[in-house]
Amino acid sequence: MKKSIVILIVFGLFISCNDLEEEVYSSFLSSNFYQNEAQLQSQNLGIYNTFKHVQWERYNYQFLSMPGQYSTTRLGSDVWWKAPIYGIHETQNASQLNSIWTLAYQAISRANTVIKYAPTSPLYENDLELVDQYIAEAKWLRAYTYFTLVQMFGDVPLYKEPVETPDNNVLYRSRTASEEIYELMVEDLKFAVEKLPVIWVNTPSGRVTKGAGNFLLGKIYLTMAGLPLQKTE
């Protein structure tokens, strides 16, 4: 008896599913999302959210900030410190580098989406200065992320637009010469320096400003003057 009831229920579910029709009342797409400042802000805060990941914070410190005499005195037997100091790459190091790579391209993808679609906002005609501030913020974050990548990996794939197709030629690009990536960083930061506010009003603290734009642009110019580019001009 129980078996028959189960069969009837399953059969009834199959029949009822055929009668279901879903009516979509609204949906958010990249092309229709940026209707107000709150939505612009939520997208940019999503870029920042990538950098809150413990792997981004910890591994950036290990591979970029930490190498030096101080860290060698703490080396011990921990393989975490060997890669940035001595260039020794072990399985554990590969996992750390993969985490940074993945998080970086998540941030770049989100930044590219803002840069492409923020100009479609109704605010773009009514308050161009405001929208440009959010685009400038996204460009600063993109430049910062690419700067991290080229310092760790040298030549890396360059994405200036969001990936919106499953085409493997678009998804999996070959590496781009780091000099071209530095040129994009400089272009992004010049825009950021011009458009970012001196201070954000009525917004969470910790967001990049005009001062941060000047700082990162200066650091990138100094880096470009050294190896491997040696662009001292």
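Trainee: What should I know about the model before reading it?
Mentor: It is predicted, so local features need pLDDT of at least 70 and side-chain atom pairs count only at pLDDT 80 or more, while totals for chains, interfaces and linings use all residues. Residues are numbered from 1 along each chain as its sequence is written, and side-chain values use heavy atoms, with hydrogens and water left out.

Trainee: How many helices and strands does the protein have?
Mentor: The secondary structure comes to 11 helices and 0 strands. These elements are DSSP runs numbered from the N terminus, with helices being H or I of at least four residues and strands E of at least two.

Trainee: What share of the residues counts as buried?
Mentor: Of the 233 residues, 41% are buried. Buried means under 20% relative accessible area, exposed over 50%, and partly exposed in between, with a 1.4 Å probe and protein chains only.

Trainee: Which helices do the buried residues of α10 pack against?
Mentor: They pack against α8 (128-153) and α11, where contact means heavy atoms within 4.5 Å. Among these buried residues are Ile181, Tyr182, Leu184 and Phe191.

Trainee: How far does α10 reach from end to end?
Mentor: Helix α10 (residues 178-195) has 18 residues and reaches 26 Å from its first C-alpha to its last, close to the 26 Å expected. The expected span is 1.5 Å times one less than the number of residues.

Trainee: And what about α2?
Mentor: The 15 residues of α2 (residues 37-51) should span 21 Å, and the end C-alpha atoms are 22 Å apart, which agrees. Its buried residues include Leu40, Ile47, Tyr48 and Phe51.

Trainee: Turning to the backbone, which residues does the cis peptide bond join?
Mentor: It joins Leu227 and Pro228, with omega about 5°. Pro228 is found in the segment after α11 (210-225).

Trainee: What is the phi of Gln230?
Mentor: Phi of Gln230 is near 55°, a positive value in a residue other than glycine. Gln230 also lies in the segment after α11. Most residues other than glycine have a negative phi, and most peptide bonds are trans.

Trainee: Is Gln230 buried or exposed?
Mentor: Gln230 is exposed, with a relative accessible area of 52%.

Trainee: Where is Leu171, and how accessible is it?
Mentor: Leu171 is in helix α9 (residues 168-171). Leu171 counts as partly exposed, at 32% relative accessibility.
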